[in-house]
Amino acid sequence: MPLRIGISTGGGDAPGLNAVIRAIVKYGVGQYHWQVVGIEDAFDGLLESPRRLQTLDLRSCKGILTLGGTILGTSNRGDPFAYPDPDGKVTDRSAELVSAIRDEGLEGLISIGGDGTQKIALRLMRDHDIPVVGVPKTIDNDLSATDVTFGFMSAVQAASDALDRLHTTAEAHDRVMILEVMGRDAGWIALQSGIAGGADCILIPEIPYDVNRLVDKIERRRSLRRYFTIIVVAEGAVPAGGEAGASPGPSPSRRLGGGRAGVAVAEALTERLHTDDIRVTVLGHLQRGGTPIAFDRVLATRLGVGAVDLAQEGRWGEIICLHHDRIVGLPIEEAVAVYRTVDPDGELVRAARAVGIEFGG
Ligand code: F6P
């Protein structure tokens, strides 16, 4: 009997989500005659009345390969085990969700999301026997089980395009230009875009920075008649002996970015260089929106196809990953066990240092 499967996209969006949905539908419906039900806005579509669900057939996937965002919508607030009420209280609505899943006749779920979403998937499986297959997603690239997450390279491309633009204006005005990028507590986007965009300094959470080292770098450049400097700052960058600039409160309400990290660096430099000619650009959600680059479309398609294979083979509880350039299923708990950060002594940082990039530490 063909399966009836629910798909949801949870957490912050990432370029390539629609390419995964498309691959699941094309392969699952086209090859195995699945019925595929899209759940809107993570699991909210099953928790609300009336329910918000979409029947996904071959027609509904036309033209979505290149689209950013997700046709299903997403949410990073709808944890069914700790669901925020409008009055600020948190309620466990998992039993409601489970009965909606059963009521809709869903025999399994494909949950596309980052570590938060996969932890929810794991609990649905462990506590309520809901069969789940995971697909990892995040622009932050901080999931340990997979070599790289789709959406990450598109974010890196957006950030390195921004750096190309900043270079010309920085050089024209002899300015220090700071670009703050996303990535939560991992420096992957900053590191890769900084290398690709020819940054002079890269500040990442994994290497606490001493602002005096940035001052030295800027002055060394000036002595070589390079009067501008480009600094990439990860939103989670930490000054030595200090903390990342974040909104108060525990995760997930703890929020990084919005200029906090970039402005902190600008203020520290302004004080030491006695200049106010330092500018901060916050790339923000521009690095998350828009069309996935070709690499992410291919990876997303491979993962979507792999997820169908896992479900078809009854390998529930596994997440489909890119591992040493092969698509493999791994236990979801392994995928969420370790938060993957940049190795400060790893080859990538070493290569960056070798071409003269200053990390501030
Ligand atoms: O996890 C993806 C991410 O874009 C982070 O890099 C960033 O800190 C966060 O989400 C921003 O979340 P929001 O879209 O809720 O502002």
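The model is predicted, so local features need pLDDT of at least 70 and side-chain atom pairs count only at pLDDT 80 or more, whereas totals for chains, interfaces and linings use all residues. Residues are numbered from 1 along each chain as its sequence is written, and side-chain values use heavy atoms, with hydrogens and water left out. Helices (H or I, at least four residues) and strands (E, at least two) are DSSP runs numbered from the N terminus.

**Helix pairs**

- Helix α1 (residues 17–32) and helix α9 (residues 294–312) pack at an angle of about 40°, with their axes 7 Å apart; axes here are lines fitted to C-alpha atoms, for helices over the stretch in contact, and angles run from 0 to 180 degrees between N-to-C directions.
- α1 and α9 are therefore oblique to each other, given that angles under 35 degrees count as roughly parallel, over 145 as roughly antiparallel, 65 to 115 as roughly perpendicular and the rest as oblique.
- On the α1 side the contact (heavy atoms within 4.5 Å) involves Ala 19, Val 20, Ala 23, Ile 24, Tyr 27, Gly 28 and Tyr 32, which meet Arg 297, Ala 300, Thr 301, Gly 304, Val 305, Val 308, Asp 309 and Gln 312 in α9.
- The residues of the contact of α1 with α9 divide into nine nonpolar, four polar and two charged, where Ala, Val, Leu, Ile, Met, Phe, Trp, Tyr, Cys and Pro count as nonpolar, Asp, Glu, Lys and Arg as charged, and the others, Gly among them, as polar.
- For helix α7 (residues 211–223) and helix α8 (residues 260–273), the axes come within 10 Å and cross at roughly 60°, and the two helices are therefore oblique to each other.
- The crossing of α7 past α8 is right-handed, and the residues in contact include Leu 214, Val 215 and Ile 218 of α7 together with Val 265, Ala 268 and Leu 269 of α8.
- By class, the contact of α7 with α8 comprises eight nonpolar, one polar and three charged residues.
- Helix α6 (residues 188–196) packs against helix α11 (residues 347–354) at an angle of about 40°, the axes being 11 Å apart, and α6 passes α11 in a left-handed crossing.
- Trp 188, Leu 191, Gln 192 and Ile 195 of α6 make this contact with Leu 348, Val 349 and Ala 352 of α11, giving six nonpolar, one polar and no charged residues.

**Leu 299 in α9**

- Leu 299 has its place in helix α9, and it is buried, with a relative accessible area of 3%; buried means under 20% relative accessible area, exposed over 50%, and partly exposed in between (1.4 Å probe, protein chains only).
- Leaving aside neighbours within four places in sequence, Leu 299 is in contact with Val 148, Thr 149, Phe 150 and Leu 322.
- Leu 299 and Ala 19 lie 280 residues apart in sequence, yet their C-alpha atoms are 8.9 Å apart in space.

**The two faces of α3**

- In helix α3 (residues 94–103), the buried residues are Ser 94, Leu 97, Val 98, Ala 100 and Ile 101.
- Seen down the axis of α3, these buried residues fall within an arc of 160°, so they line one face of the helix; the arc is that of the directions from the helix axis to the C-beta atoms.
- The face of α3 turned away from the buried side carries the exposed residues Ala 95, Arg 102 and Asp 103.
- The cover over the buried residues of α3 includes α2 (44–47), β6 (108–113) and α4 (115–128).
- Following α3 comes Gly 105, whose phi is positive, near 70°.

**Backbone and loops around α2**

- Most residues other than glycine have a negative phi, and most peptide bonds are trans.
- Asp 41, in the loop between β2 (35–39) and α2, has a positive phi near 50° and, at 23% relative accessibility, counts as partly exposed.
- Ala 42, also found in the loop between β2 and α2, has a positive phi of about 60° although it is not a glycine, and at 7% relative accessibility it counts as buried.
- A cis peptide bond with omega of about 0° joins Ser 49 and Pro 50, and Pro 50 is found in the loop between α2 and β3.
- Arg 52 has its place in the loop between α2 and β3 (53–56), and at 24% relative accessibility Arg 52 counts as partly exposed.
- Neighbours within four places in sequence aside, Arg 52 is in contact with Gly 38, Ile 39, Glu 40, Asp 41, Asp 44 and Gly 45.

Notes:
A crossing is left-handed if the near helix is turned anticlockwise from the far one by less than a right angle, and right-handed if clockwise.
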